[in-house]
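Biologist: I am new to this protein and would like to study a single part of it closely. Please pick one place where two elements pack together, and walk me through it and its surroundings.

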Amino acid sequence: MTILCVRFQLPPTHEAALPGLLGLLEEFTPVVEALPPDGALADLRGAERYFGRSAVELASVIRVRSLALHGVDCVIGAGPGPMLARIALRDAEPGVTCVVPEDAVAAFLAGRPVAALPGVGAATARTLGEYGLDTLGLVAAAPLSTLQRLVGAKAGRELREKANGIDRGRVVPNAVSRSLAAERPFHRDELDADRHRRALLSAAEELGARLRALDKVCGTLTLTVRYADRSSTNRTRTLKEPTAHSAALTKAAYGLYEALGLQRARVRSVTLRAEALGPAEQASYQLAFDPVDEKLRRIEEVADRARAKFGPRAVMPGTLAA
């Protein structure tokens with residue numbers, strides 16, 4: 001096992017601890033990819049040779065150091081590649097690293113639902129299920145031509161490779177600091193889709209206000225939905241144009257949420273992350289000649305001035321659309 005997928009069990013609103021936890025991983029390898037709001041991938045191929053220990057043994061050391069130095073427990077999945085490590089993480093428990101055996105990858109994947117593959121959304125899973133291809137074992141055994149007819153040439157080829165355990169992904173080092181996040185935890189596991197949407201509205205308005213205060217715009221928005229069983233789903237969308245406009249961020253957040261196709265899901269929290277940040281002065285936006293949009297932008301300007309004068313809670317997130 002050479003790749004670890006680590007999820008730190010951070011309390012709500014404690015995302016600021018993530019950079020320090022990533023630093024812990026970087027003591028073992030410089031090849032660390034942040035997976036905000038609470039996770040990371042780590043390529044330990046060099047560390048295995050340097051320390052003379054397997055990645056699974058090093059995972060135990062990482063867990064102990066995380067608890068001792070930061071007071072944060074973690075769950076860890078290990079596999080020959082990033083995709084397999086991510087899948088293993090779903091079965092991981094605190095104190096026990098879930099491992100995908102290198103010599104039994106096909107058996108590990110065979111009985112799992114198609115949606116277990118990272119990047120396979122509800123629509124693709126539903127299409128395959130309509131033709132009886134509801135597990136990775138069945139997809140792996142299906143003719144390539146059948147898969148390509150159902151989901152497209154490129155997607156069909158990639159789907160078949162992944163279902164057979166062929167993991168072409170790699171860990172790409174990145175910087176968590178080039179992003180902003182807003183989390184909305186629920187007091188209890190929430191089934192109401194309207195409450196989910198209100199939480200997304202509040203988070204999008206907060207992100208917009210923070211971006212404008214920093215004179216930044218974002219080019220990418222990521223939604224993380226965490227469920228009652230501690231599993232989570234991440235979806236990312238590249239925006240049509242870099243923006244700090246709360247209405248545009250809200251529209252993108254709603255689109256990400258609706259694409260999940262959740263059916264009475266027990267949601268514990270939702271998190272929006274603005275990524276690919278850049279200077280607002282270098283960004284431009286398409287004039288829509290929409291009086292409603294222009295009105296919202298003027299309201300944002302007034303709200304931003306109120307926050308600057310009276311503090312960040314002068315205008316509570318979620319009230320601009322009221």
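Modeller: Contact here means heavy atoms within 4.5 Å. Helices (H or I, at least four residues) and strands (E, at least two) are DSSP runs, numbered from the N terminus. Please keep in mind that this is a predicted model, in which local features need pLDDT of at least 70 and side-chain atom pairs count only at pLDDT 80 or more, while totals for chains, interfaces and linings use all residues. Residues are numbered from 1 along each chain as its sequence is written, and side-chain values use heavy atoms, with hydrogens and water left out.

Sorted by class, the contact of α10 with α11 holds 11 nonpolar, four polar and four charged residues. In this count Ala, Val, Leu, Ile, Met, Phe, Trp, Tyr, Cys and Pro are nonpolar, Asp, Glu, Lys and Arg are charged, and the others, Gly among them, are polar. As for geometry, two packed helices are described by the angle between their axes and the distance between the axes. Here the axes of α10 and α11 come within 8 Å and cross at roughly 140 degrees. Axes are lines fitted to C-alpha atoms, for helices over the stretch in contact, and angles run from 0 to 180 degrees between N-to-C directions. The crossing of α10 past α11 is right-handed; a crossing gets that name if the near helix is turned clockwise from the far one by less than a right angle, and is left-handed if anticlockwise.

Now look at the sheet beside these helices. Four strands form an open sheet in the order β6-β9-β7-β8, paired antiparallel; strands count as paired if DSSP finds at least two bridges between them. At its edges are β6 and β8 (232–243), each of which pairs on one side only. On average, neighbouring strands of this sheet are turned by 15 degrees against each other, direction ignored. Helix α10 packs on the sheet and touches β6, β7, β8 and β9, with its direction at about 155 degrees to that of β6.

You can follow the pairing residue by residue. Eight bridges link β6 and β9 in the antiparallel sense; A182 has L272 of β9 as its bridge partner, and A181 has R273 in β9. Between β7 and β9, also antiparallel, there are 11 bridges. There L223 stands opposite L272 in β9.

These leucines lead us to the core. L221, L223 and L272 touch the most other members of the largest nonpolar core, which has 31 residues. Such a core is a set of buried Ala, Val, Leu, Ile, Met, Phe, Trp, Tyr and Cys residues joined through side-chain atoms within 4.5 Å. Buried means under 20% relative accessible area, exposed over 50%, and partly exposed in between (1.4 Å probe, protein chains only). Two or more residues each come from β6 (179–190), α10 (193–213), β7 (216–227), α11 (246–260) and β9 (267–279). Leaving out residues up to four places away in sequence, L223 touches L200, T233, N234, R235, A253, L256, Y257, L260, V270, T271 and L272. A second, separate core of 30 residues includes I3, A88, V100 and V171.

R226 lies in strand β7 and is buried, with a relative accessible area of 16%. Apart from neighbours within four places in sequence, R226 is in contact with P37, D38, E183, S231, S232, V267, R268 and S269.

Most residues other than glycine have a negative phi. R264, in the loop between α11 and β9, has a positive phi of about 50 degrees; R264 is exposed, at 65% relative accessible area. A276 in strand β9 also has a positive phi, near 55 degrees, and A276 is partly exposed at 43% relative accessibility.

Stepping back, the protein chain has 12 helices and nine strands, and 45% of its 322 residues count as buried.
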